[in-house]
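Open the model in your viewer and keep the selection tool at hand. This tour goes stop by stop.

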Amino acid sequence: MLPAAGDAAASSVGFCSCFSVENGGSYDDYIDGSGNRGCMHCKRSDPSSSSSCYSCSSLWLDLAPFKDSEKLQRVITASAKGFSIGAGLKGGLALFSILTRLRRRQSSASSRKIEDFSNKEAITMAIKETIRYGLFLGTFAGTFVSVDEIIGALGGHRRTARWRALLAGLIAGPSMLLTGPNTQHKSLAIYILMRAAVLASRCGINSKRFGRICKPLTWKHGDLFLMCLSSSQILSAYILKQESLPPSYKSFLNKHGGKDALILQGVKEIASGLPFSNLEAIEKFYKTMGVDIKLDPEMKVPCSIVHGNQGCLTHVVSFFIQAYKRALPVYLPVYLIPALIVHRTGLLERPYTILGKGLLGTARSSLFLSVYCSSAWMWTCFLFRIFEKCNIPMVAMGTFPTGLSLAIEKKSRRMEISLYCLARAIESFCTCLADIGYLPQSKNLKRADVVIFSLSTAIIMHCYAQEREVFRSKYLNVLDWVFGVPPPPCETPRCKSS
């Protein structure tokens with residue numbers, strides 16, 4: 001039961017202060033299943049006043065402690081849900097990868113045996129990885145909730161509210177080691193760091209003290225700029241130094257980059273000013289494709305290496321068509337699987353609407369990826385032709401505007417994609433600096449990724465507890481589902497008895 005003050009305010013038509021359209025909220029989210037209005041975090045009929053929704057901006061501030069059984073239940077529930085998310089995500093990706101491998105057919109019996117063996121090995125590895133990632137996220141969630149409850153019980157929920165989630169997130173971070181003691185996760189750590197930086201910057205924008213300093217971060221097209229910056233490093237590394245990229249990401253680029261390793265080696269040699277070592281191999285490669293070409297060892301630009309006898313514009317068009325065919329299988333499960341899981345109830349009522357949105361999203365994201373890959377070759381060829389030379393700065397300049405293709409994606413997805421690519425770009429850039437001696441590697445700190453991840457999760461969980469408005473509603477819903485939102489002050493035993 002709500003207190004009298006809550007009942008009196010039930011007639012108000014205002015929205016809760018924790019409800020924000022900018023935060024991803026919608027009018028539909030504000031109405032519960034029975035048609036009544038109410039904040040899903042506060043569970044109040046009228047959250048229009050700031051005082052009635054004060055708990056949303058500072059989670060667990062005024063809460064009475066849970067009973068021991070409730071605390072234990074919260075820990076177990078968070079661990080189970082964390083495990084299900086980790087195992088589900090990793091298992092889904094592994095399943096898709098295995099199905100792709102099983103579709104491949106080898107011509108000879110010997111190669112089929114090798115493929116069968118590798119498939120069995122891949123299945124075993126996928127099961128291990130699925131369990132490891134499930135344990136990782138399950139332990140993270142369980143550790144966070146456990147530390148949160150212990151500190152709250154010892155120091156008091158009100159007195160420790162400002163720093164409890166920060167410390168709990170920091171302590172839970174090393175659970176990443178459960179994915180494998182020798183498995184480095186630099187890309188994941190950097191990506192989580194980027195997410196923490198975004199949340200911190202949003203807090204700074206809302207702050208009176210740091211608002212002016214953080215104002216440039218509100219730039220409307222900042223996501224496109226980050227994508228262009230990331231593309232310059234990632235695609236340059238794809239052509240010039242693939243060993244600086246993570247193996248899985250390198251495999252992804254090699255597939256969608258659409259060029260054989262021999263061609264990339266030829267472009268790398270001309271851009272680096274090295275003598276050609278494989279022109280004959282490139283000619284033989286084109287001959288197997290029915291293209292008879294003679295490459296000039298004195299060439300200034302690598303266009304004939306990249307697309308043989310085709311013109312630059314003709315190559316871009318033909319490459320785009322092939323790239324779109326390669327992109328569709330990538331995004332089809334990305335959109336349809338969540339639609340089947342998240343919207344399983346609505347799928348029976350509005351199947352055409354939900355599936356239509358999924359297919360439209362698949363087509364749109366596939367268009368983005370195909371334009372991204374084809375424009376990379378278009379811009380580099382364009383610059384090579386204009387300046388009649390090819391070098392490393394030209395490659396970096398030619399791959400920079402490729403990031404503009406991100407404008408094809410939905411605005412809500414752009415920052416996610418740009419941050420993901422930025423994390424990959426930072427890792428590649430740091431690897432390149434370390435290889436040439438500008439960034440000496442620390443011999444004492446073996447798992448810097450765990451340290452970065454722990455610091456990042458501390459910031460994220462602090463924002464989750466104290467600055468909930470900086471999260472988009474979809475992420476906040478996931479966090480609430482895993483960690484469990486405690487009841488508001490008006491529903492605690494202490495408040496009910498008063």
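What follows is a walk from the whole chain to single residues.

**Before you start**

This is a predicted model: local features need pLDDT of at least 70, side-chain atom pairs count only at pLDDT 80 or more, and totals for chains, interfaces and linings use all residues. Residues are numbered from 1 along each chain as its sequence is written, and side-chain values use heavy atoms, with hydrogens and water left out.

**Stop 1: the whole chain**

Show the protein chain as a cartoon. It has 19 helices and zero strands. Both kinds of element are DSSP runs, numbered from the N terminus: helices are H or I with at least four residues, strands are E with at least two.

Now switch to a surface. The protein chain exposes about 27300 Å², and carbon and sulfur atoms supply 64% of that area. Accessible areas come from the Shrake-Rupley method with a 1.4 Å probe; for residues, only the protein chains shown count as cover.

How many of the 498 residues are buried? Buried residues make up 43% of them. Buried means under 20% relative accessible area, exposed means over 50%, and partly exposed lies in between.

Contacts come next (heavy atoms within 4.5 Å). Among contacts with a separation of 6 or more, 71% are between residues 24 or more positions apart.

**Stop 2: helix α14**

Select residues 351–387, which form helix α14. Pick Thr380 in this helix. Thr380 is buried, at a relative accessible area of 4%. Leaving out residues up to four places away in sequence, Thr380 touches Val395, Gly398 and Thr399.

Move along to Phe387, also in helix α14. Phe387 is partly exposed, at 44% relative accessibility. Phe387 and Lys300 are 87 residues apart in sequence, and their C-alpha atoms are 9.9 Å apart.

**Stop 3: salt bridges**

A salt bridge here is a side-chain nitrogen of Lys or Arg within 4 Å of a carboxyl oxygen of Asp or Glu. The count comes to eleven.

Select Glu149 and Arg74. Their side chains meet in a salt bridge, at 2.7 Å from N to O. Glu149 lies in helix α4 (residues 109–155) and Arg74 in helix α3 (residues 68–103), so the pair ties together parts that are 75 residues apart in sequence. Both Glu149 and Arg74 are buried.

Go to Lys241. Which residues does Lys241 pair with? Another is with Asp435, where the closest N and O atoms are 3.4 Å apart. Lys241 lies in the loop between α7 (222–240) and α8 (247–257), and Asp435 in helix α16 (residues 411–435), so this pair ties together parts that are 194 residues apart in sequence. Lys241 is partly exposed, at 23% relative accessibility. Asp435 is also partly exposed, with a relative accessible area of 47%.

**Stop 4: Lys474**

Finish at helix α18 (residues 473–483), where Lys474 lies. Is Lys474 buried or partly exposed? Lys474 is partly exposed, with a relative accessible area of 43%.

Note on methods: Buried < 20%, exposed > 50% of the residue type's maximum accessible area, 1.4 Å probe, protein only.
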